Amino acid sequence: MHCNDGSCRNPTPKAARRSGGGGLWRYLVIRFLLIIPTVFILVTMVFFLMRLTGDPITAALGGRLPADQLAERISAAGYDRPLFVQYFEFLGQIAVGNFGTTISDNRPVIEVLLTYGSATLELAIYALIVAFIVGIPLGMLAAARRDRWQDAGLRVFAILSYATPVFFAGLLLKLIFSVWLGILPVAGRASTGTELTLQTISNPSGIYLIDAIRLGDPTAISDVLAHAVLPAIALGLLTAGVFLRLVRTNVIGTLGSGYVDAARSRGVSEFRLVTKHAYRPALIPIITVIGLQIALLLAGAVLTETTFEWKGLGFMLSEYLKARDFVAVQGIVALLAVIVALTNFIVDIIAAIIDPRVRY
């Protein structure tokens, strides 16, 4: 629309597209830059909290070495220097990817991260699959049966899913499916024979399912999947309850919108309204909270891996905590902080592309 005096003009489509694109890139740049202070704050907190009880050498080896040998090791590691000198040196090492060396088993922390990180990644992927398979369909069903007995039962299930401690859910699943029924393995990532077979593969990925597929061994694949079922369910239900409630709430809101009412007046079935018209808009909130759920999954992985002896970063973190190996602990936590920050950034990108309203 043009005014006669030229004082008001609608922007051209090209200008509008340029403005929208600029808004997206500005949003993504800001979100990316926020990763730096987020990781910095988390790493700083870990560093100082780990030293509330003293230096890492004393925490790990105090009482097991004579005083003179303990003092010698403290001096050799540089822990007798001022705390802020150690802090800035720690930041410099983190910046170049040097996370130090563990005290309890004298391994480079980066080696621990690379060795066990793939196991935690594999478990998190399994758990997310369970969360999507369980949470989204049941959330749609609860919305379609709103205020009926199915809805009430599913809401109770959702509350129990994310309120039940992960270790308790894991122990209950082990008791039922491993001890009573004897149909699933009780612990571990694979049987001993399968693990030995997987070690023969060249350049292993560390993700057992991928390595078993590369071998082309059906027995190894089924064994790996069988060991993954219970840990994935125990950890996945924690997030499935959140997804169920989100999908239910947003599908109910979408079903009351004008375009759904118009489709209903044309005789579209309720099943089609839920599965086609109301389903996709309800996924946007799911995408936006996935980043937060990744942090929840990583926190739950510590208890899940310990319960099922799934040797990932969570399992090793608990072992190093028991050994009071704070160098290893701060390295693992620093990596987890980076993973959570990057995951949230990726989720922000996806959410901004799907729903431009999140940019403003």
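Predicted model: local features only at pLDDT ≥ 70, side-chain atom pairs only at ≥ 80, totals over all residues.

Let us begin with the largest pocket, which holds about 480 Å³ of space. Its lining is made up of 23 residues, and Leu42, Val333, Leu336, Ala337 and Val340 are the closest to the centre. Helices α2 (35-50), α14 (279-308) and α16 (326-354) are the elements that each give two or more residues to this lining. The largest share comes from α16, with 9 residues. Sorted by class, the lining of the largest pocket has 19 nonpolar, 2 polar and 2 charged residues.

The second largest pocket has a volume of about 400 Å³. Of the 22 residues that line it, Ala77, Tyr79, Gly100, Thr101 and Val327 lie nearest its centre. Here the elements giving two or more residues are α4 (67-77), α5 (83-95) and α16. In this pocket α5 gives the most, with 4 residues. The class make-up of the second largest pocket is 9 nonpolar, 9 polar and 4 charged residues.

**Cavities**

The table sets them out.

| Cavity | Volume | Lining by class |
|---|---|---|
| Largest cavity | about 40 Å³ | 7 nonpolar, 2 polar, no charged residues |
| Second largest cavity | about 30 Å³ | 6 nonpolar, 2 polar, no charged residues |

Which residues line the largest cavity? They are Thr120, Leu298, Ala301, Val302, Leu313, Gly314, Leu317, Ile332 and Leu336. Two or more residues of this lining come from each of α14, α15 (313-322) and α16.

Around the second largest cavity are Pro185, Val186, Ala187, Gly188, His227, Leu230, Pro231 and Phe308. Helix α11 (residues 218-255) gives the most to this lining, with 3 residues.

**Rings and charges**

Phe308 lines the second largest cavity, and the charged end of Lys174 sits over the Phe308 ring, 5.7 Å from its centre. Another charge over a ring is that of Arg189, which lies over the face of Tyr208 at 3.7 Å from the ring centre.

Finally, the aromatic pairs come to 9 in number. Ring pairs join Phe47, Phe48, Phe84, Tyr87, Phe88 and Phe90 into a cluster.

How values were computed
Residues numbered from 1 in each chain as written. Heavy atoms only, no water. Phe/Tyr/Trp six-rings, centres within 6.5 Å; stacked < 30°, edge-to-face > 60°. Lys NZ or Arg CZ within 6 Å of the ring centre and 35° of its normal. 1 Å grid on protein atoms, 1.4 Å probe; cavity = no way out; pocket = protein on both sides within 12 Å on 5 of 7 lines; lining within 4 Å. Points joined across faces, edges and corners; volume = space filled by probe spheres on them. Nonpolar A, V, L, I, M, F, W, Y, C, P; charged D, E, K, R; others polar.
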